[in-house]
Amino acid sequence: MFLTFALFTLAGALAMLKARNLVVAGLCMVLTFFGVSGLYLLLGNPVAAALQIIVYSGAIVVLLLFVVMLLNSHEEEAPLKARPVQRWLSATVAAVLGAGACALVASSTLVRSLPTLPLEGPMTLQKVGHVLFREHLVAFEAAGLLLLAAMIGAIMIVKKEV
Amino acid sequence: MNPTPSFWASVLHGGLQGYLLVGLLLFVIGLAVVLLRRSLLMQFMGVELMLNAANVVLLAFARWRGGDVQGTVSYLFIIAVAACEAAVGLALVVALHRHRQTTDADRADALQN
């Protein structure tokens, strides 16, 4: 099961990297997000899996596809100039970073020696709510204010000049 | 630097190292999207992928601590900030398109020079 969801996630991300059409890329991103939410289910965290589907696949991707269709920019515009050095450099940096990080994880004795504590049942909204409202109440209110500020800011940015 | 057989077993059967590898590869693919694609909307999608990679690693470590609730609470705050970032970022792209009729990062270089 883990391998299936991991392959879904990475295949969606790779297809997104290669997609020429922006709508196709957005749909590949939905595939990635479903794969990630499957991984959260396997981690015994159905709360995070549901939030992932609602917020990412439901809200952010829909907003993104809406903007793509609104601006009618389904394809990338033709490049102003070819930048071979930058392209090769960035591809190399990404590849080296990925290979190095994977090698570090593979060879790390610290990660291997981490104790596996037994899972105390799946995550429930009740547990999350207790911790959220007892220990992080101020941060919760601040997040609400931040969302309100972002909403007003987004409207102000796109509003036509008055 | 030579992975042991137990490492591959851990990756195949969904051990901690498997989740770390998925998170790292997801981050690197997101980074490649940001660096290689020119459309601002594609770069935005790459940023979302990198945020997701961080979330995968966070929740994997939370599970290996015995299902730590603090990990899920942090995840909640992270996606709240990600939603704000999505709203403001897409608004900026729409505003840029209104002023300059482009979503290409190379063509939006008014601050350069």
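Because the model is predicted, local features were considered at pLDDT of at least 70 and side-chain atom pairs at pLDDT 80 or more, while totals for chains, interfaces and linings use all residues. Residues are numbered from 1 along each chain as its sequence is written, and chains are lettered from A, with ligands numbered from 1, in the order in which they are written.

The secondary structure of chain A comprises seven helices and zero strands, where helices (H or I, at least four residues) and strands (E, at least two) are DSSP runs numbered from the N terminus. Along the sequence, chain A accordingly reads α-α-α-α-α-α-α. The radius of gyration of chain A, 21 Å, is well over the 15 Å that the globule rule gives for 162 residues, so chain A is more spread out than a compact globule; the radius is taken over C-alpha atoms, and the rule is 2.2 Å times the number of residues to the power 0.38. Taken along the principal axes, the C-alpha atoms of chain A fill a box of roughly 55 × 50 × 25 Å. Chain A is divided into domain 1 (1-75) and domain 2 (124-162), with bounds that come from an automatic or database domain assignment, and the C-alpha centres of these two domains of chain A lie 23 Å apart.

Of the 162 residues in chain A, 26% are buried, a residue being buried if 20 or more other C-beta atoms lie within 10 Å of its own, exposed if 12 or fewer, and partly exposed in between, with C-beta atoms placed from the backbone. Among contacts in chain A between residues at least 6 apart in sequence, 58% join residues at least 24 apart; two residues are in contact if their C-beta atoms, placed from the backbone, lie within 7 Å.

Chain B has four helices and zero strands, and its elements run α-α-α-α from the N terminus on. With a radius of gyration of 18 Å, well over the 13 Å that the globule rule gives for 113 residues, chain B is likewise more spread out than a compact globule. The C-alpha atoms of chain B fill a box of roughly 55 × 35 × 20 Å along the principal axes. In chain B, 51% of the 113 residues count as buried, and 41% of the contacts between residues at least 6 apart in sequence join residues at least 24 apart.

Between the chains, 71 residues of chain A are in contact with 68 residues of chain B. On the side of chain A that touches chain B, at least two residues each are supplied by helix H1 (2-18), H2, helix H3 (46-71), helix H4 (84-107), helix H6 (125-135) and helix H7 (137-158) of chain A, and the largest share, twelve residues, comes from H4(A). By class, this side of chain A has 55 nonpolar, eleven polar and five charged residues, where Ala, Val, Leu, Ile, Met, Phe, Trp, Tyr, Cys and Pro count as nonpolar, Asp, Glu, Lys and Arg as charged, and the others, Gly among them, as polar.

The axes of helix H2 (residues 22-42) of chain A and helix H3 (residues 40-64) of chain B come within 11 Å and cross at roughly 5°; axes are lines fitted to C-alpha atoms, for helices over the stretch in contact, and angles run from 0 to 180 degrees between N-to-C directions. H2(A) and H3(B) are therefore roughly parallel to each other, given that angles under 35 degrees count as roughly parallel, over 145 as roughly antiparallel, 65 to 115 as roughly perpendicular and the rest as oblique. The residues that make this contact include Leu22(A), Met29(A) and Val36(A) of H2(A) together with Leu41(B), Leu49(B) and Val56(B) of H3(B), and by class the contact has twelve nonpolar, two polar and no charged residues.

H3(A) and helix H4 (residues 69-100) of chain B pack at an angle of about 0° with their axes 11 Å apart, which makes H3(A) roughly parallel to H4(B). Among the residues that meet here are Val47(A), Ile60(A) and Leu71(A) in H3(A), and Thr72(B), Ala83(B) and His97(B) in H4(B); the contact has 17 nonpolar, two polar and no charged residues.

Leu117(A), in the loop between helix H5 (109-112) and H6 of chain A, counts as exposed with 12 C-beta neighbours inside 10 Å, and touches Trp64(B), Arg65(B) and Gly66(B), not counting residues up to four places away in sequence.
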